[in-house]
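User: I've got a model open and I'd like to learn how to read its surface, its cores and its strands. Can you walk me through it?

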Amino acid sequence: MKILTTIHALENVESFLPFVDGFMIGDGRFAKALTHDFKNEMIDAIQLIHSKNKEIYILLTRLFTEKELIEVKEFIKTLPVDKISGFIGADLGLVTTFQELELAHKYVYNPETLLTNDEDFNDLKLYGIKGATVSKEITISDILEIGSLKKYVLFMFGHGHMTMFYTKRALLDTFNDYQNKPHDLKQNESLRLKEKKRVDEAYPILEDEAGTHVFRGHIFSAYQSIEDLEKVVDYYMVDSLFHDDQYGIEVCNLYKNKLGFEYIEKLIQKYEETWHDGFLYKEVSIKGEEND
């Protein structure tokens, strides 16, 4: 099982090297909720990571209109694709784009919650894509079953704040309009939502060029199941959004070297956060609520 991580600054690549197999980076025009917008550093980042013999995946996680798909296609043409391990995208329309570019073998489909069974997971095998990402809202037994029946590479979101809600609408700008305030909340990573009925969790909310995102307040971690997951998961993805590269390095070290629950407790105390195992051991209904 290989470990992929997001990164906040290129100067920290060297510090990650002992603990990761590759990096996930994105251009804010084509990806959402990024730790860093590599728009002006994309070529340099690809060249650097490739020179370190690490894999590089480009994030294309927005949902695109027909016009935007053309822009994505032109963007890909500017990249040194021979040095890129793959492209992780959320839009099904990208399959055709990568076929036209004769790069379907480098496309990884990641719709976040849709791939909940082996038939859906393997559905794009005929199109020659590289792989897909299992849903982040299914149980460990489901993941293991899908993994045992996989027909291409299996990716899994393994650590970070889980997305709860996403819209292309700029809700925070709308909120400020209602209060006659300036638009000064974009890219502000310190904002949190709180509910009266859920007093033990504050939900990060982020507005970027792609829209507005709400995340679980607790950190998702699949470490408890790491030994089982290693049997079927090809790429384990770590996202350090709302943190920094030091956090990312320590977390990747945990998974790479299986440092145990005592190490996890130290991280939890150091960063004053709560970790949970999501839905790995709890089935959910169609609405994403836990079943009784």
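Analyst: L171 counts as partly exposed because its relative accessibility is 35%. Keep in mind that this is a predicted model, where local features need pLDDT of at least 70, side-chain atom pairs count only at pLDDT 80 or more, and totals for chains, interfaces and linings use all residues. Residues are numbered from 1 along each chain as its sequence is written, and side-chain values use heavy atoms, with hydrogens and water left out.

User: Where is L171 found?

Analyst: L171 is in helix α7, residues 171-178 (helices are DSSP runs of H or I, at least four residues; strands are runs of E, at least two; both are numbered from the N terminus).

User: How do I read a nonpolar core, and which residues touch the most other members?

Analyst: A core is a set of buried Ala, Val, Leu, Ile, Met, Phe, Trp, Tyr and Cys residues joined through side-chain atoms within 4.5 Å. In the largest one, with 83 residues, those are F23, I58, L60, I76, M156 and Y255. Helix α9 (residues 245-257) gives the most to this core, six residues. A second, separate core of six residues includes L172, L185, Y203 and I205.

User: And strand pairing: how many bridges join β8 to β9?

Analyst: Two strands pair if DSSP finds at least two bridges between them. Here β8 (residues 192-195) and β9 (residues 198-208) run antiparallel with three bridges, and they form a hairpin with two residues between them. R192 has P204 in β9 as its bridge partner.

How values were computed. Buried < 20%, exposed > 50% of the residue type's maximum accessible area, 1.4 Å probe, protein only.
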